[in-house]
Amino acid sequence: MSESIARRIVVASFTTPTGAESARDLLKGAAVGLGNVAVVTRKPSGEVAFSETEDWGVGKSALIGAIAGLLLPGVGTITLAAGGAIAAYFIDLGFPDALLRQLGEGLAPDTSMLIALVADADIERATSVIAMSHGSVIGSTTESDLTAAITKMRG
């Protein structure tokens, strides 16, 4: 029987477009217990881009479908690859994409934001790593749902 790990959502802002990505890499290197991590950037043009560690996306899902097609007799590789890609389009396994996009639209151009699900026991180390990465922790909450966490932080 596995025990559930208590986690908190931590949101941090960075004054550079690569700051959040660098902080994510440093958090991983510091052995901070992480769940899903999203990096949101706003390009100088105003365009918002984001990536998540636990949202597979179309490409990875199509690859898994293609591999399954090779292993399962009687089912075509292309059929399962297409099925994996379509499933990824309709299933969001990470934070809600619409909310990440909305948060990104609130960023100044040429800046970034990190949203991370961090093990409760590692919060202090995580905030220290973020500070060393020249980030500012905007908020942290015990809510594990990003929408509820943002609402609570805006309070």
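Predicted model: local features only at pLDDT ≥ 70, side-chain atom pairs only at ≥ 80, totals over all residues.
**Notebook: surface, fold and cores**

Residues are numbered from 1 along each chain as its sequence is written, and side-chain values use heavy atoms, with hydrogens and water left out.

Next I looked up the fold. I found six helices and five strands (DSSP runs: H or I of at least four residues for helices, E of at least two for strands, numbered from the N terminus). Along the sequence the pattern reads β-α-β-β-α-α-α-β-α-β-α.

Of the 155 residues, 37% are buried, meaning under 20% relative accessible area with a 1.4 Å probe, protein chains only. I took contacts (heavy atoms within 4.5 Å) between residues at least 6 apart in sequence, and 73% of them join residues at least 24 apart.

Which residues have the most contacts inside the largest nonpolar core? They are Phe 14, Leu 27, Leu 114, Val 118 and Ile 130, in a core of 16 residues. Such a core is a set of buried Ala, Val, Leu, Ile, Met, Phe, Trp, Tyr and Cys residues joined through side-chain atoms within 4.5 Å. Elements giving it two or more residues include strand 1 (7-14), helix 1 (19-29) and helix 5 (123-132). Helix 5 gives the largest share, four residues.

I also noted another core apart from this one, with 13 residues, among them Ile 9, Phe 95, Leu 107 and Ile 115.

Technical notes. Buried < 20%, exposed > 50% of the residue type's maximum accessible area, 1.4 Å probe, protein only.
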